[in-house]
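Please open the model in a viewer and keep the selection panel at hand.

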Amino acid sequence: MIEIVPATEDHLDGWAALRHALWDELTAAEHRAEAQEQLGEPERLLNLVALDGDKVVGFAEAALRHDYVNGCETSPVVFLEGIYVDASARGQGLARRLCDAVADWGRAHECSEFASDALEDDADSHAFHRAAGFAETERVVYFRREL
């Protein structure tokens with residue numbers, strides 16, 4: 001049985017490897033440093049790992065956001081910053097279980113809304129979000145100009 005637990009320093013290497021698989025623009029070492037830093041903010045950030053024995057096979061990262069969150073009407077909002085399940089552990093409802101644990105944490109922090117985002121062309125992520133009970137609220141294109 002795969003267990004979902006709060007991430008600790010013992011999970012950093014496996015967690016960082018999965019973060020790198022999801023977001024490959026940083027190295028695994030950079031992801032490890034970011035993950036370690038996140039562990040220092042438990043009042044604002046939730047970091048969960050899914051363990052198959054001692055092996056990290058999934059993770060979910062969430063934050064309490066007090067700023068405006070697109071499509072939401074309340075504050076704070078629990079926001080799913082990232083979620084990933086290794087291919088070897090997919091198809092068992094693990095991502096759903098991770099989302100449910102994040103939702104429970106949000107409720108415990110008096111949130112009534114759970115939000116997330118995905119890139120506009122990421123159809124797999126859109127399908128996951130719908131399957132996990134999320135409803136699309138809007139689409140936004142962000143712009144930037146250097147000063």
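**The pocket and its surroundings**

Begin by selecting strand E4 (77-85), strand E5 (114-116) and helix H4 (123-131), each of which supplies at least two residues of the lining of the largest pocket. Helices (H or I, at least four residues) and strands (E, at least two) are DSSP runs, numbered from the N terminus. The model is a predicted one, in which local features need pLDDT of at least 70 and side-chain atom pairs count only at pLDDT 80 or more, while totals for chains, interfaces and linings use all residues. Residues are numbered from 1 along each chain as its sequence is written, and side-chain values use heavy atoms, with hydrogens and water left out.

Colour E4 separately: with seven residues, E4 gives the most to this lining. Next, display Ser116, Asp117, Ala118, Ser125 and His129, which lie nearest the pocket centre among 41 lining residues. By class, the lining has 20 nonpolar, eight polar and 13 charged residues. Here Ala, Val, Leu, Ile, Met, Phe, Trp, Tyr, Cys and Pro count as nonpolar, Asp, Glu, Lys and Arg as charged, and the others, Gly among them, as polar.

**The helix pair**

Move to helix H1 (residues 12-22) and helix H2 (residues 28-38), whose axes come within 8 Å and cross at roughly 120°. Axes are lines fitted to C-alpha atoms, for helices over the stretch in contact, and angles run from 0 to 180 degrees between N-to-C directions. Show the side chains in contact (heavy atoms within 4.5 Å): they include Trp15 and Arg19 of H1 and His31 and Glu34 of H2.

**Two backbone details**

Select Pro76 in the loop between strand E3 (55-65) and E4; the peptide bond from Ser75 to Pro76 is cis, with omega near 0°. Finally, go to Glu110, in the loop between helix H3 (94-108) and E5. Glu110 has a positive phi of about 65° although it is not a glycine.

Definitions and conventions: On a 1 Å grid over the protein atoms alone, a cavity is a set of points where a 1.4 Å probe fits but cannot get out, and a pocket is an open set with protein on both sides within 12 Å along at least five of seven lines; lining residues have an atom within 4 Å of a point.
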